[in-house]
Amino acid sequence: VGKYMLPGGCLLHTDWVHRAAVKTGFVMLHKESYGLHYAKTTRHWRNNLEKEKDKIIKAYDERFYNSYIFLFATAEVGFRMGFMDLTHHIFIKPSKDKSGYVDGK
C-alpha cells in the first residue's frame, strides 16, 4: 500500500505523537477519535468505486480497481475493529511567563 497506492503515507501511533509532543514541551488539551466515522467514510468510498467499476477499469485496469477496493475494505475493517484510528489532538505549549500560553510569535 505504501509503495504503490499511498506513497509516502504513514500511519502514526497516537502514543508516538503524544511522546514527541511532550518531549518538546507541549501539553495535550484534548484528543478525539474518529475511527468509527472513518470506517463509514471508507465504506462509502468503496461503494462509490463499485458503482463506477466499468469506468474505472476502462480508464485504468482491473488490477487498479481491485487494489483500491481491497484498500478501502481493509481500511474499513481496521477502523471498525479498532486496529487503526483517526485522531485529532490539540496541544499547547505553556509559556515561561505567568500568562500560561505561548503567544505564537
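The model is predicted.

Helix α4 covers residues 62–81. Its 20 residues should span 28 Å at 1.5 Å a residue, and this agrees with its end C-alpha atoms, which are 28 Å apart. Several residues of α4 are buried: Tyr65, Tyr68, Ile69, Leu71, Phe72, Ala75, Glu76, Gly78 and Phe79. The elements that cover these buried residues include α2 and α3, the latter formed by residues 53–59.

The pairing of α4 with α2 may be considered next. Helix α2 comprises residues 35–51, and its axis comes within 8 Å of that of α4, with a crossing angle of roughly 160 degrees. Angles over 145 degrees count as roughly antiparallel, and the two helices are therefore roughly antiparallel to each other. Their crossing is left-handed. On the α2 side, the residues that meet α4 include Leu36, Tyr38, Ala39, Trp45 and Leu49, together with charged residues such as Lys40, Arg43, Arg46 and Glu50. On the α4 side, Tyr65, Tyr68, Ile69, Phe72 and Phe79 are among those taking part. The residues of this contact divide into twelve nonpolar, two polar and six charged.

Beyond its neighbours within four places in sequence, Met5 is in contact with Ser67, Tyr68 and Leu71. Met5 and Leu71 are 66 residues apart in sequence, while their C-alpha atoms are 8.7 Å apart in space. Met5 has a relative accessible area of 15% and is therefore buried, since the cut-off for burial is under 20%.

How values were computed: Residues are numbered from 1 along each chain as its sequence is written. This is a predicted model: local features need pLDDT of at least 70, side-chain atom pairs count only at pLDDT 80 or more; totals for chains, interfaces and linings use all residues. Side-chain values use heavy atoms; hydrogens and water are left out. Buried means under 20% relative accessible area, exposed over 50%, partly exposed in between (1.4 Å probe, protein chains only). Contact means heavy atoms within 4.5 Å. Axes are lines fitted to C-alpha atoms, for helices over the stretch in contact, and angles run from 0 to 180 degrees between N-to-C directions. Helices (H or I, at least four residues) and strands (E, at least two) are DSSP runs, numbered from the N terminus. Angles under 35 degrees count as roughly parallel, over 145 as roughly antiparallel, 65 to 115 as roughly perpendicular and the rest as oblique. A crossing is left-handed if the near helix is turned anticlockwise from the far one by less than a right angle, and right-handed if clockwise. The expected span of a helix is 1.5 Å times one less than its number of residues.
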